[in-house]
Amino acid sequence: MTGAEMVVQALKDNGVKHVFGYPGGAVLPIYDEIFQQDEVEHILVRHEQGAGHAAEGYARSTGKAGVMLVTSGPGATNAVTPLQDALMDSIPLVCLTGQVPTSLIGSDAFQECDTIGITRPCTKHNWLVKDVNDLAAIIHEAFHVATTGRPGPVVVDIPKDVQFAKGIYVPPQTAPRTSYQPKVQGDLEKIKAAVELMANAKRPILYTGGGVINSGPEASHLLRELVDLTGFPITSTLMGLGAYPASGKNWMGMLGMHGTYEANMAMHDCDVMVCIGARFDDRITGRLTAFSPNSKKIHIDIDPSSINKNVHTDVPIIGDVGRVLEDLVRLWRATARADKKALHPWWEQIAKWRARDSLAYKMNHDVIMPQYAVQRLYALTKDMDTYITTEVGQHQMWAAQHYHFEKPNRWMTSGGLGTMGYGLPAALGVQIAHPDALVIDIAGDASVQMTMQEMSAAVQHEAPIKIFILNNQYMGMVRQWQQLLHGNRLSHSYTEAMPDFVKLAEAYGGHGIRCEKPDELDDAIKEMISVKKPVIFDCRVATLANCFPMIPSGKAHNEMLLPDEATDEAVANAIDAKGRELV
Amino acid sequence: MNAHLQPTGSAYFIAKETERPEIHTLSVLVDNEPGVLARVIGLFSGRGYNIESLTVSETEHEKHLSRITIVTRGTPHVLEQIKHQLERIVPVHRVVDLTVRSHELGQERPLERELALVKVAGTGEGRVEALRLADAFRASVIDANTEHFIFEITGKGSKIDQFIAIMKPLGLVEICRTGVAAMNRGPQGM
């Protein structure tokens, strides 16, 4: 079997149905093999970054590894952004790159780059295949490493002569190398200690993250069971939305910089915090010295390096969220009884915070408020089989605040890296995985132009994705920070030459819709849903709306800036002079 | 944490560490494969950790295992992070903080040795003095002619520092040091 044949065979043996990629000189033998079979379907993108984000969207919405195939040199360097994105958000992504023939490596050959060197810090692991007889085993190991433990991206770099060379194919092996043994089962003594701490809590909170979703649907199921058993309030990071249903009565909304007032206040004032599959990111904690000062913290995470990295943990539990929750729920049932009465004062306090209605905004009857647009989109799509992706910026936060998720794997967003341009190709990947679902990219006008070319891929592959652009003609989040920090000097955050998105959609062979009036919005959204091809929806929203509530920089959870307090003066003074000097 | 944090204008926080940095010696057992050293030192540079000394060599040929000895400086919190971050690297088998281990064994520090080659050139009184001092330091002469010596010296880093300092006025030409090799006392392995 040739190396190229092995690649395709290994993909099949690892259950791969779709590969996102772009051909080039150094991967032509593999493309030749792809051409001669139809088990593995190749999705041609327009830029390698698009292939990566599409594979990420595919992975996040299915729980399986996403696969991308790119050529050497620029193909590999263009893959770097999605690789780092997948690393930050723990997404299983297998990236196969072509490489110049082994005899030319190091000679500055055409389209040569040090792919292994460049991708070393942005992958969980990477391999350069020098011998065709190692190829199959390496690809199998790559899938194993990408999908187990804390999931992440991997790169397999395959020189062109190895693709042509003949060798022995080995099927996927069950015994991985001895140095890679992720710990999945939590320490039972620690779990017992956690149950005891939780059973005596008066002001508890569950703070959950993307780890619950990565652990699989069973983990989300167990989380819901845990909430029912304990009666604890629950909040989640951006990455964890959907693990617990937004309609659940214990749900407090997202926490963090643009989280709800009740979630952040409860984090600050709690006495026991149970962090499940989240990592105390700086967007979550606010000022670390003032982060939840009076609580005992339990931290469940599969990655030991997440423990005590930013915040000191009292009860660390290293293991897979699903496995640990299984033990935790079992032990709780056996030994603890929820004293829901004792939690009454805490819930009353939370109700007071909730009454501040921190996501409120001033409705406008002439101009579409961006929050209103997301709310209407939610109302009109919530009963369908819907998947949401986003770009990065204000629209992303409004989507997180106002679109509500009932199930895991329905929400695809770039959390850790904050990659503008993620959402459109991610939507393509999601649509390929779920051809009959309604896949919507809630986009910003600036972000979406970074990977707009993938509209062409969506049209080619008949992926009827909906690009719902909250168009305010600004890089809204950049502008918001300039207003907060830089004396309202809006340096290069306004896009003066905006394309006509309707014509653009038509130029690509898609469908374009523009909406400028609140009372026309519902009909326009219904039109978008009914069109069975890719749609760009140019939703013209209030240009100067800002994203609140917000924890301004250097502030703690209990020092949030709420929308009704966010006057121009308050915005200008939100960060003190000393804070600004230190930038 | 103990770090005193200043608010900044970017919602990133500049931490002033109040913990005192310590010097620790780590032993890292890795698969001997291409790029493994780059992964380890890339981790140190990428995350802003310090390397004071680094020694690496294959130690178990048939198992393809290499042992990397790293002397690093950091606060206890950072040192714990370094250990966990190293353990995340796929070809890394084990990471042992020898300094912590020696404390657990009731010892002040692990055994640490370094080898240096020291070339000294000169004639007359200085040459005689160099040879006499080398003898006092138990350094052996491994190459010589009428105008130079090359000494081989083994010992703790501080001993080698001292030897080099003494040789400086006596015609020191060049030095090559191996970096620290270390293990814990007692019958147990790492």
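At what angle do α12(A) and helix α15 (residues 344–354) of chain A pack, and how many Å apart are their axes?

## About the model

This is a predicted model, in which local features need pLDDT of at least 70 and side-chain atom pairs count only at pLDDT 80 or more, while totals for chains, interfaces and linings use all residues. Residues are numbered from 1 along each chain as its sequence is written, and chains are lettered from A and ligands numbered from 1 in the order in which they are written.

## Two packed helices in chain A

The helices α12(A) and α15(A) pack at an angle of about 140°, and their axes are 8 Å apart; helices here are DSSP runs of H or I with at least four residues, strands are runs of E with at least two, and both are numbered from the N terminus. Axes are lines fitted to C-alpha atoms, for helices over the stretch in contact, and angles run from 0 to 180 degrees between N-to-C directions. The angle therefore makes α12(A) oblique to α15(A), since angles under 35 degrees count as roughly parallel, over 145 as roughly antiparallel, 65 to 115 as roughly perpendicular and the rest as oblique.

On the side of α12(A), the contact is made by A:Tyr261, A:Glu262, A:Met265 and A:Ala266, and on the side of α15(A) by A:Ile350, A:Trp353 and A:Arg354, where two residues are in contact if their C-beta atoms, placed from the backbone, lie within 7 Å. These residues divide into five nonpolar, no polar and two charged; Ala, Val, Leu, Ile, Met, Phe, Trp, Tyr, Cys and Pro count as nonpolar, Asp, Glu, Lys and Arg as charged, and the others, Gly among them, as polar.

Six strands of chain A form an open sheet with parallel pairing, in the order β9-β8-β7-β10-β11-β12, and two strands pair if DSSP finds at least two bridges between them. The edge strands are β9 (251–254) and β12 (315–318) of chain A, each of which pairs on one side only, and the twist averages 15° from one strand to the next.

Within this sheet, strand β7 (residues 204–208) of chain A runs parallel to strand β10 (residues 272–276) of chain A and is joined to β10 by five bridges, with A:Thr208 standing opposite A:Ile276 in β10(A). Helix α12 (residues 261–269) of chain A lies across β7, β8 (234–236), β9 and β10 of chain A, and runs at about 100° to β9(A).
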